[in-house]
Amino acid sequence: GLVLLVLFVLWQRRLERKDGEPLIRISLFRDRSLSTGVSLAVVVNCVLAGLLFALPLYMQKVMGLNALQSGVGLLPLSIAVLMLSLAAPRLTERIDAKYLVMAGYAIMAIGCLVLAILTPAAPTRTDLILGLAIIGTGTGLVIALVANIVMSSGPKGAATDTSSLNATGNNLGNSIGTALLGATVDSDEF
């Protein structure tokens, strides 16, 4: 996979130098804000996809909930993501976006710790509410602002390229998060 990725990057650079039409303009990654934003998109989507893969499985196999009950159990996460995604752009009027993104990641980590430490051995949906709401708060901050960072970073006339890089970062994070948790979850435990 890495060899193919290197070959792809070299091919795209070659096309770009020859005034061809590369699929991805590699030169865009010279912009630090853009490359950081795409990297942040990968990480936040990796965490969220891993969580959304493992938690419903855990709720159904360990806690004995059905699919609808598991979905209802995830509502604190979803509601917090929605609320903070809507509020985050307005918060940037008072606080720099990079500090909000850093705070969002810290909040996500705290939420993961709360789930890991404070959840009893035989949890109920109520036991998960606090951790999920905290994770959702951090995720909502990060998701909204990272997309804005990526889209506002590219040069004029590159909105299509930056948008596709943002979407690729999201999809890559989703794939990696699901694969990592899928590979580490022991089906015998469930």
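**Entry 1: a salt bridge.** I began with Arg 25 and Asp 161, whose side chains meet in a salt bridge at 2.9 Å, N to O. My criterion was a side-chain nitrogen of Lys or Arg within 4 Å of a carboxyl oxygen of Asp or Glu. Arg 25 sits in the loop between α1 and α2 (32–61) and Asp 161 in helix α7 (residues 159–184), so the pair ties together parts that are 136 residues apart in sequence. I then counted salt bridges and found that the structure holds one. Arg 25 is partly exposed, at 29% relative accessible area; I call a residue buried under 20%, exposed over 50% and partly exposed in between, with a 1.4 Å probe and protein chains only.

**Entry 2: ground rules.** This is a predicted model, where local features need pLDDT of at least 70 and side-chain atom pairs count only at pLDDT 80 or more, while totals for chains, interfaces and linings use all residues. Residues are numbered from 1 along each chain as its sequence is written, and side-chain values use heavy atoms, with hydrogens and water left out.

**Entry 3: the whole chain.** The C-alpha trace spans about 60 × 45 × 25 Å along its principal axes. Of the 190 residues in the chain, 35% are buried.

Entry 4: I found a patch of positive charge made by Arg 13, Arg 14, Arg 17, Lys 18 and Arg 30. Arg 17 belongs to α1 (residues 2–17) and counts as exposed at 64% relative accessibility. Val 3, Leu 4, Val 6, Leu 7 and Leu 10 make a nonpolar surface patch of about 510 Å², and Leu 7 lies in α1. For patches I used residues with over 30% relative accessible area and no salt bridge, joining like charges within 9 Å and nonpolar side chains (Val, Leu, Ile, Met, Phe, Trp, Tyr) within 5 Å.

**Entry 5: Leu 68.** Leu 68 is in helix α3 (residues 67–73) and is exposed, at 67% relative accessibility. Its C-alpha lies 9.9 Å from that of Pro 56, twelve residues away in sequence.

Notes: Accessible areas come from the Shrake-Rupley method with a 1.4 Å probe; for residues, only the protein chains shown count as cover. Lys and Arg count as positive and Asp and Glu as negative; His and the chain ends are not counted. The place of a charge is taken as NZ of Lys, CZ of Arg, CG of Asp or CD of Glu. Helices (H or I, at least four residues) and strands (E, at least two) are DSSP runs, numbered from the N terminus.
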